[in-house]
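Visitor: I would like to know what stands behind the terms used for this structure. Please set each value against its definition.

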Amino acid sequence: MQQYILRRLLLAIPTLLLVSVVIFTINRLIPGDVILSLLGEGGRLTPEELARARRELGLDKPLPLQYWDWLSGFVRLDLGNSLFDGRPVTEHIMLRFPITFELAILAMIVAIIISIPLGIISALRQDGLLDYGSRLFAIAGLSLPLFWLATLAILFPSIWWGLSPPLEPTSFFKNPTAHLYQFLLPAFILGYRLSATNIRMLRSTMLEVLRDDYIRTARAKGLKERVVVMRHALKNASIPVVTIMGTQLAFTMGSSVIVETVFGLPGTGKLVVDAILLRDYTVVQGTVMLFATIVIFMNLIVDLTYGWLDPRIRYN
Amino acid sequence: MNTTTEQITQLQGLRLRPKRNFVNSTLTFIRKKPLGAMGGFILIGMWSLAIFADFIVPYDPLALHPRDKLIPPDSMYLMGTDYLGRDVLSRVIAGAKVSMYVGLMTVLIGTGIGSVLGQISGYFRGTFDLLVQRLIDAIQAFPSLILALAIVAMLGPSLENAIIAIAFLNASNAARVIRGATMAINENQYVDAARALGASHVRILTRYIFPNVTAPILILASITLGNSILVEASLSFLGLGTQPPTPSWGRMLSSEGRFYMEIAPWLAIWPGVAISMAVLGINMFGDALRDVLDPKLRGR
């Protein structure tokens, strides 16, 4: 197992390096002069001022050197300063990441609460009314746009009861109820979307497992149906579901862009959208690199979990 | 030997099952896959809206009616009007054109390029395959919406650039899936036989591999279509996709419309219903298509 972990860790390094090259390239391919587009009034700058601004941002160096500076900074957790307000990018991220993280964890809890009972019922009542209902619920979760659901979730309580989410985030320690109220609705919407994938996955694996010989044996032994389903079938059927939830973190990170924008939550998703609109490239570069790093490490953990659950994978 | 051949010919001539024609197959599909059939009907409806949009819109979707600002749905404006007095129904119908166009283009370009790349990568293997796969690893490490945002930010916000960004994502996904399918098919004896008969690489790829990966390509295209429409709507919602005044479902729900939604909730409802119906239809049809084309998944 140790060798397997080491091998997987070593494989993650080239991927991370390639990711950094992709991000760097995207940021350097931006048409036009970054400085001019940043200042928006480039016409008024003298060539000397322009050269100084370039020098200050390190843009006068050759590209490989610029990449090396940025990469070595990333390893030291120094992602440069925001071009907009001059504060370190790491500080922006540290301040906002806990919000996105909390949203992701809450959404995943909601997804588990919704998907496990629905996935099981759907498989046990295959092609019945409950199965169709649950499948429709899941497929709707994959089809309804998050930003629309979020908009409606804000709009209708506001029209009917005059309720609107607070504009400023409330600390959990100061006012837990207000804090949860602020996070629960977005977490529920994101969780519903995640549960859609889980329901379909759980239904599919449950159907497969329920046809296996050991289930027949368990039934033949005279075990109660509840025990057969919960202890024997669900336990085995949930292995792929549990591991797939690790990969859902990537989706949650991506969707945080939408959910945080609509609900005005100042997380990293909103940070990246604002930075794109403000053309704050150092912040975009740093935040996107953070997202990709998290995804690579989550995939690594998922792979390791698979290896731990199924020894056949380890030795392949 | 001769007798056996004759017997087989006779048995084939018996036609134990009635001859399958389009109507019969469609009726069987509707009976066996009611959700898929419903999705198919929605999809046909959406495509019809998109194709005939210019003929069926009650008003010009760009025309301003300053006297009729924020009119609730009535007999004149079935879905009401927006803050500039534009007819919401006409804009929703015109939005179908944008969404379906984006869906079609991103799937054709993305899945097309990805499938070719995946087949070449899976067939030849070696250094090229290694490079392509590591690059795809890197691309797939990004949450898709974030990468699409970054690409659009790089190219500049516009519908065409949103299409490029989404097609790029689709291509990386297709390349990975089709590579796997190609590798599996490449192991078959009939490919070895073709190779032994001296068939060229191009012939093997086009005559033996490609016909066998069309099912995964179709399944992938059906899954990708709905997602592409959602990503474009999300980009437009964030102001980085379709640009005004072109009507787009995502844009109609974005900041410019949001300001008025409390006093005119119909602005928030209809574009969302349209996106949801289109994507729901595509996903339901795609699921059924996957069941039909992939026998391993039947009944799951």
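Predicted model: local features only at pLDDT ≥ 70, side-chain atom pairs only at ≥ 80, totals over all residues.

Guide: Residues are numbered from 1 along each chain as its sequence is written, and chains are lettered from A and ligands numbered from 1 in the order in which they are written.

Visitor: What makes up the secondary structure of chain B?

Guide: Helices are DSSP runs of H or I with at least four residues, strands are runs of E with at least two, and both are numbered from the N terminus. By that rule chain B comes to 13 helices and zero strands.

Visitor: How do you know that the span of α13(B) agrees with its number of residues?

Guide: The expected span of a helix is 1.5 Å times one less than its number of residues. For the 28 residues of α13(B) this should give 40 Å, and the end C-alpha atoms are 40 Å apart, so the two agree.

Visitor: Why is α13(B) called largely enclosed?

Guide: A residue is buried if 20 or more other C-beta atoms lie within 10 Å of its own, exposed if 12 or fewer, and partly exposed in between, with C-beta atoms placed from the backbone. In α13(B), 21 of the 28 residues are buried, so the rest of the structure largely encloses this helix. Across the 300 residues of chain B, 47% count as buried.

Visitor: What makes α9(A) hardly covered?

Guide: Helix α9 of chain A, residues 213-220, has eight residues, and the count of buried ones is zero.

Visitor: How is the packing of α5(B) and α10(B) described?

Guide: Axes are lines fitted to C-alpha atoms, for helices over the stretch in contact, and angles run from 0 to 180 degrees between N-to-C directions. The axes of α5(B) (residues 88-124) and α10(B) (residues 201-237) come within 8 Å and cross at roughly 145°. The residues of this contact divide into 12 nonpolar, nine polar and one charged. Here Ala, Val, Leu, Ile, Met, Phe, Trp, Tyr, Cys and Pro count as nonpolar, Asp, Glu, Lys and Arg as charged, and the others, Gly among them, as polar.

Visitor: How many residues does each chain give to the contact between chains B and A?

Guide: Two residues are in contact if their C-beta atoms, placed from the backbone, lie within 7 Å. The contact takes 37 residues from chain B and 41 residues from chain A. On the chain B side, α13(B) gives the largest share, nine residues. That side divides into 26 nonpolar, six polar and five charged residues.
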